[in-house]
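Biologist: I'd like a close look at a single part of this one, please. Take your time and connect the pieces as you go.

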Amino acid sequence: MEYVFVRDSDGYVFKKAKSKVTAEEKIISEKEYMKKSGLAFYEKKFGHGGARENAGRKQKFSQPLKFQMRVTQEEKDFISYAREHHINYTALMQN
């Protein structure tokens, strides 16, 4: 079945089977159809008729970020001391 692009009396454009074209409809070129329908703008803006290439959520880093907290030198020294001496924080917090 052969399809053509047509414009009706109201100015609407669409693709239709050539055998079903009526007297009020005028056969137009594909270029005119693309322009009148707005598809040419969409193709031009997005390149390939869809969303941007690689659109969607992506993992920003290959590994998740490490937790960082700013501490004073005194707090840093205490944490180092506690690690060296294997101090159990949970036991200290319950006292």
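Modeller: Ground rules first: helices (H or I, at least four residues) and strands (E, at least two) are DSSP runs, numbered from the N terminus. This is a predicted model, where local features need pLDDT of at least 70 and side-chain atom pairs count only at pLDDT 80 or more, while totals for chains, interfaces and linings use all residues. Residues are numbered from 1 along each chain as its sequence is written, and side-chain values use heavy atoms, leaving out hydrogens and water.

Let me take the sheet. Three strands make up an open sheet in the order S2-S1-S3, with antiparallel pairing. The edges belong to S2 and S3, each with a single partner strand, so one side of each has no neighbour in the sheet. On average, neighbouring strands here are turned by 50° against each other, direction ignored. (Axes are lines fitted to C-alpha atoms, for helices over the stretch in contact, and angles run from 0 to 180 degrees between N-to-C directions.) H1 packs on this sheet and touches S1, S2 and S3, its direction making about 135° with that of S2; contact here means heavy atoms within 4.5 Å.

Now strand by strand. Two strands count as paired if DSSP finds at least two bridges between them. S1 (residues 3-7) and S2 (residues 13-17) run antiparallel and are joined by five bridges. Together they form a hairpin with five residues between them, and Gly11 in the turn has a positive phi of about 100°. Along this pairing, Val6 has Phe14 in S2 as its bridge partner, and Val4 sits opposite Lys16 in S2. On the S3 side, S1 pairs with residues 26-28 over three bridges, also in the antiparallel sense, and Arg7 has Lys26 in S3 as its bridge partner.

Lys16 deserves a stop. This S2 residue is buried, with a relative accessible area of 18%; buried means under 20%, exposed over 50%, and partly exposed in between (1.4 Å probe, protein chains only). Not counting residues up to four places away in sequence, Lys16 touches Glu2, Tyr3, Val4, Val6, Thr22 and Glu25. With Glu25, Lys16 also makes a salt bridge, the closest N and O atoms being 2.9 Å apart; by definition that is a side-chain nitrogen of Lys or Arg within 4 Å of a carboxyl oxygen of Asp or Glu. Glu25 is buried as well.

The structure holds two salt bridges, and Arg7 takes part in one with Glu32, where the closest N and O atoms are 2.4 Å apart. Arg7 lies in S1 and Glu32 in H1 (residues 30-37), so this pair ties together parts that are 25 residues apart in sequence. Glu32 counts as partly exposed, at 27% relative accessibility.

Met69 is in the loop between H2 (39-46) and H3 (73-84), and Met69 is exposed at 59% relative accessible area. His86, in the loop between H3 and H4 (89-94), is exposed too, at 70%, and has a positive phi near 50° although His86 is not a glycine.
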